[in-house]
Amino acid sequence: MNDIKLALLGSQGAGKSAVLVRFLTRRFIGEYASDTNSLYHKRLSIDGRQLNLEVFDPCSQSSEARCILEEPVDWADGFVVVYNISDRTSFINAKNILQQIREARMDNCKGEVDVPVCLVGNKQDLCHVRQVREDEGRCLAQENRCHFQEVSAAESYQDIANLFTQLIRQVMEHLKYRADRRRYSGSKSMAKLINNVFGKRRKSV
Ligand SMILES: Nc1nc2c(ncn2[C@@H]2O[C@H](COP(=O)(O)OP(=O)(O)OP(=O)(O)O)[C@@H](O)[C@H]2O)c(=O)[nH]1
C-alpha cells in the first residue's frame, strides 16, 4: 500500500481546513478550531490502488507552521497552497510560499524542485468581492509549473475532489520516478563496483 503525504499551506483564514474537510467528508463545516496543527488520515482507492493518505493542516499562527518549509519539506510528497480570491494579501502570501517550496527543495533535495503542487484559489462564491483575477492565479501557477484550480469549499465538492485526485496521481508518478531513479543509480554504482573489482583482475590475467 502506498503512503502519500500532503501538506496544506496558505494564509490564515484562506480556507485550508474547509477545503480539506470538504474533500475528506464531502461536507462544508463553517468554523474550525484554528489554534492547533492537525494531521488527517484517510484510506483511499485511486485507479484501483489502495493508498494511505496523510494530510498536514498546520495552524497558521503557530511557529511550527511558519517553519514547515524549513524542516519538514522532506516530509510532504506534495503541497496544496490555498489563497482566498477575495483577499489579495493571501495571494501574495501564496506566491511567497510557492517560492519557498522551490528554494527549500533546491537546498534539501539536490536540485530536485519539481515536487507536485496545486495552487488553489478558494472562496469562488465570493467573486462579487474578488480581489484576485482568475488569470493571475493561472499565471502564477504556470510560472511555478504547478496545477491551478479555483474552488468554493462552501459550495462545491467536485472541483476539490478532482484537484486532490489529480495531485495524488502526480505524487504517485513522482514517487515512482524517484524510486526508479534511485534503483537505476544503485545498479549503475553496483556495475561500477563489479567492474572495478573483477574488470581490472581480468585485464592482468
Ligand atoms: N464564503 C466562503 N467562506 C469560506 C470558504 N471556505 C472557508 N470559508 C470560511 O473562511 C473562514 C476560514 O476558513 P478555515 O478553513 O478555518 O481557514 P484556514 O485557512 O484553515 O484558517 P487557519 O486555520 O486560521 O489557518 C471560515 O469562516 C470558513 O467558514 C468558501 O469557499 N467560501
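I started with R26, which sits in the loop between helix 1 and strand 2. Helices (H or I, at least four residues) and strands (E, at least two) are DSSP runs, numbered from the N terminus. The model is predicted, so I note its limits: local features need pLDDT of at least 70, side-chain atom pairs count only at pLDDT 80 or more, and totals for chains, interfaces and linings use all residues. Residues are numbered from 1 along each chain as its sequence is written, and side-chain values use heavy atoms, with hydrogens and water left out.

**Loop residues with positive phi**

I looked up the backbone of R26. Its phi is near 70 degrees, a positive value in a residue other than glycine. R26 is exposed because its relative accessibility is 55%. My cut-offs are buried under 20% relative accessible area, exposed over 50%, and partly exposed in between (1.4 Å probe, protein chains only).

Next I went to D47, in the loop between strand 2 and strand 3. D47 is not glycine either, and its phi is positive, near 55 degrees. D47 has 52% relative accessibility, so I count it as exposed.

**S11**

I then checked the loop between strand 1 and helix 1, where S11 is placed. S11 has a relative accessible area of 12%, so it is buried. What does its side chain make a polar contact with? The partner is the side chain of N93, at 2.9 Å. A polar contact is a pair of N or O atoms within 3.5 Å; within protein, one must be able to donate a hydrogen and the other to accept it, and residues adjacent in sequence count only if both atoms are side-chain atoms.

**Cores**

I use "nonpolar core" for a set of buried Ala, Val, Leu, Ile, Met, Phe, Trp, Tyr and Cys residues joined through side-chain atoms within 4.5 Å. The largest one has 27 residues. F23 and F164 are among those with the most contacts inside it. Helix 5 (158-204) is one of the elements that give it two or more residues. Helix 5 also supplies the largest share, seven residues.

I listed contacts (heavy atoms within 4.5 Å) for F23. Leaving out residues up to four places away in sequence, F23 touches L44, L53, Y157, I160, A161, F164 and I168. A second, separate core has 21 residues, including F56 and I85.

**I85**

I finished at I85, in the loop between strand 4 (78-84) and helix 3 (88-108). I85 is buried because its relative accessibility is 0%. Beyond four places in sequence, its contacts include G121, L126, R130 and E150. The C-alpha atoms of I85 and S156 are 16 Å apart, with the residues 71 apart along the chain.
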